[in-house]
Amino acid sequence: MSDESMLYKQAMIRIDELVEEVMQICDEVAEENHYERVWVLERFRERFNKAKRTK
């Protein structure tokens with residue numbers, strides 16, 4: 001496996017970990033505040049997309 005392929009694989013593993021972390025945080029926010037999980041995930045997605053456009 002080339003160095004570039006290895007770096008890509010490592011990056012994708014870390015991205016998967018970040019996704020899991022964000023999902024856990026969203027679940028915690030939903031539970032602690034008695035929000036629906038789907039609603040929290042949708043709001044997060046909206047804010048994330050907005051942040052991508054402004055950075």
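**A guided tour from the loop to the pocket**

Begin by selecting His34, which lies in the loop between α1 and α2; helices (H or I, at least four residues) and strands (E, at least two) are DSSP runs, numbered from the N terminus. The model is predicted, so local features need pLDDT of at least 70 and side-chain atom pairs count only at pLDDT 80 or more, while totals for chains, interfaces and linings use all residues. Residues are numbered from 1 along each chain as its sequence is written, and side-chain values use heavy atoms, with hydrogens and water left out.

Remain at His34 and inspect its backbone: phi is positive, at about 60°, although His34 is not a glycine. Most residues other than glycine have a negative phi. His34 counts as exposed because its relative accessibility is 74% (buried means under 20% relative accessible area, exposed over 50%, partly exposed in between, with a 1.4 Å probe and protein chains only).

Next, display the whole chain. The chain holds 2 helices and 0 strands, and its C-alpha trace spans about 45 × 25 × 15 Å along the principal axes. The radius of gyration is 15 Å, whereas a compact globule of 55 residues would have one near 10 Å; the value is taken over C-alpha atoms, and the globule rule is 2.2 Å times the number of residues to the power 0.38. Of the 55 residues, 7% are buried.

Now select Ile15, Leu18, Val19, Val22, Met23, Leu41, Phe44, Arg45 and Phe48, which line the largest pocket. On a 1 Å grid over the protein atoms alone, a pocket is an open set of points where a 1.4 Å probe fits, with protein on both sides within 12 Å along at least five of seven lines; lining residues have an atom within 4 Å of a point. Both α1 (3-33) and α2 (37-54) supply at least two residues of this lining, and α1 gives the most, with 5 residues.

Why is the pair of Phe44 and Phe48 stacked? The ring centres of Phe44 and Phe48 are 6.0 Å apart and the planes are at 25°, so the pair is stacked. Phe44 and Phe48 are 4 residues apart in helix α2, and therefore separated by about one helical turn. Phe44 counts as partly exposed at 38% relative accessibility, as does Phe48 at 44%.

Definitions and conventions
Phe/Tyr/Trp six-rings, centres within 6.5 Å; stacked < 30°, edge-to-face > 60°.
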